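Notebook open. I want to look up a few local features here and jot down what turns up.

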Amino acid sequence: MRKFFEKRDLLIFLLILSAFGLSLILPKGNGEKIVIEGRNFRKVLEKPGVYDITENGRFLMRVEFNGKKVRVVESTCPLKICVKTGWVGPGGIIVCVPNEVIIYFEGKMDYDTETW
């Protein structure tokens, strides 16, 4: 007959407890920097605000960063899919194919899922 609480159970309990404790202590990657890349430019946003994105003097889009999420407020692309994407947090990405612009968070992220 099995004992109610064995050494192995205690070890598993301590491992789970230490993993939970580490997750509370270690800083989480929150993607504080936004990278906006186009064909001929790369711009990094670190402070909240509204930014106009231009390429060679041509207005492409207006991006709003609130410190934790980013969205495209206005764009010159015809379908406005990047604008309709709305707010995107760390791990998310906004792509505007007509303007050839990609917007993403830089740094280590917390992922909900990972696929291979």
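Is Leu17 buried, exposed or partly exposed? I get partly exposed, because its relative accessibility is 45% (buried is under 20% relative accessible area, exposed over 50%, partly exposed in between, with a 1.4 Å probe and protein chains only).

Ground rules for myself: this is a predicted model, so I take local features at pLDDT of at least 70 and side-chain atom pairs at pLDDT 80 or more, while totals for chains, interfaces and linings use all residues. Residues are numbered from 1 along each chain as its sequence is written, and side-chain values use heavy atoms, with hydrogens and water left out.

Entry, helix α1. Leu17 sits in this helix, residues 7-25 (helices are DSSP runs of H or I, at least four residues, and strands are runs of E, at least two, numbered from the N terminus).

I find β4 (58-65) and β5 (70-75) paired antiparallel over five bridges; pairing takes at least two DSSP bridges. Phe65 has Val70 in β5 as its bridge partner. Four residues lie between the strands, and Gly67 has a positive phi near 100°.

Entry, cysteines. I count zero disulfides (a disulfide is a pair of cysteine sulfur atoms within 2.5 Å). Cys96 is in no disulfide either, with the sulfur of Cys77 nearest at 3.7 Å. Cys82 is buried at 1% relative accessible area, and Cys96 is buried at 3%.
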